[in-house]
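The structure is shown first, and the description follows.

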Amino acid sequence: MSTPSRARLADIIRTRSFGRGEITLASGRKSDFYFNLKPTMLDPEGATLLAELSYDAIKDEKIDYIGGLEMGAVPLAGAIAQLSWMKGNPIAAFFVRKKPKEHGARLAVEGLAKGESLKGKRIVIVEDVTTTGGSAIKAIEAVKDAGGDVVMVLTMVDREEGASENFKEAGLTLRALYTATEFLRP
């Protein structure tokens, strides 16, 4: 998919969120490049383009909810939910805590109103950057525990380090807006 919006977003990611240098990933692996999508997700133009391209990737899937593991999924899910409302096809957002709070309602899944449930709902798990899929798996487990039906995982950038295969084994599709290869090419 090549569009002016996709090309512009790639430029923003390259400038604001992509870097070279040794880093330890959430998976524990070492890498000589990294993506920190927070600067893109919190940039007005970057947030708009991420929401636009993400919404376009899922709009025909009859999705009820979009969400994922805090923190990377929070700005994405919120922006996509807002755009879906504006497009007349509302998709509600939620997020999964890495660890339920020890006070208050002690919820693992946040963002649902009293009496609202994920049970029987079609859900997309969203991530900013996916390596092996471990963070998304945590969110998937919480959604399944809540009775939700995860229909796919949507990531902004697939580092192409095993996530697609791991999700396939779990019977899920990984859809990526970009792959790491696109940013590693000269």
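## Backbone details in the loops

K62 is found in the loop between α3 and β3, where helices (H or I, at least four residues) and strands (E, at least two) are DSSP runs numbered from the N terminus. The phi of K62 is near 55°, a positive value in a residue other than glycine, and K62 counts as exposed because its relative accessibility is 68%; buried means under 20% relative accessible area, exposed over 50%, and partly exposed in between, with a 1.4 Å probe and protein chains only. This is a predicted model, in which local features need pLDDT of at least 70 and side-chain atom pairs count only at pLDDT 80 or more, while totals for chains, interfaces and linings use all residues. Residues are numbered from 1 along each chain as its sequence is written, and side-chain values use heavy atoms, with hydrogens and water left out.

A positive phi is also found at E160, where the value is near 60° in a residue other than glycine. E160 has its place in the loop between β7 and α6 (163-169), and at 41% relative accessibility E160 counts as partly exposed. In the loop between β3 and α4 lies M71, and the peptide bond leading from E70 to M71 is cis, with omega near 5°. Most residues other than glycine have a negative phi, and most peptide bonds are trans.

In soluble globular proteins, nonpolar side chains tend to be buried together.

M156 has contacts (heavy atoms within 4.5 Å) with L37, L50, S54, L76, V126, E127, D128, L177 and Y178, leaving aside its neighbours within four places in sequence.

With 15 residues, α3 reaches 21 Å from its first C-alpha to its last, close to the 21 Å expected at 1.5 Å a residue, the expected span being 1.5 Å times one less than the number of residues in the helix. Its buried residues are G46, A47, L49, L50, A51, L53, S54, Y55, A57 and I58. At the start of α3, a side-chain oxygen of D43 comes within 3.2 Å of the backbone nitrogen of E45.

Helix α4 contains A79, which is in contact with A47 and A51 when neighbours within four places in sequence are left aside. A79 and E52 are 27 residues apart in sequence, and their C-alpha atoms are 8.8 Å apart in space. S84 is also found in helix α4 and counts as buried because its relative accessibility is 0%. The side chain of S84 reaches the backbone nitrogen of I91 at 2.8 Å, and S84 touches Y55, N89, P90 and I91, not counting residues up to four places away in sequence.

## Cavity and pocket

Rolling a probe the size of a water molecule over the atoms shows where empty space is left. On a 1 Å grid over the protein atoms alone, a cavity is a set of points where a 1.4 Å probe fits but cannot get out, and a pocket is an open set with protein on both sides within 12 Å along at least five of seven lines; lining residues have an atom within 4 Å of a point. Grid points are joined across faces, edges and corners, and a volume is the space filled by probe spheres set on the points.

The structure holds 1 cavity of 30 Å³ or more. The largest cavity has a volume of about 40 Å³ and is lined by M41, A47, L50, A51, P75, L76 and A79, with α3 and α4 as the elements that give two or more residues to this lining. The largest pocket holds about 660 Å³ of space and is lined by 29 residues, of which A26, K38, D128, V129 and S135 lie nearest its centre. Two or more residues of this lining come from each of β1 (18-24), β2, β3 (65-69), β6 and α5 (134-145), and β6 gives the most, with 5 residues.

## D128 in strand β6

D128 has its place in strand β6 (residues 122-130) and counts as buried because its relative accessibility is 10%. The side chains of D128 and K38 are joined by a polar contact of 3.1 Å; such a contact is a pair of N or O atoms within 3.5 Å, and within protein one must be able to donate a hydrogen and the other to accept it, while residues adjacent in sequence count only if both atoms are side-chain atoms. Leaving aside its neighbours within four places in sequence, D128 is in contact with L37, K38, M41, G72, L76, T155, M156 and V157.
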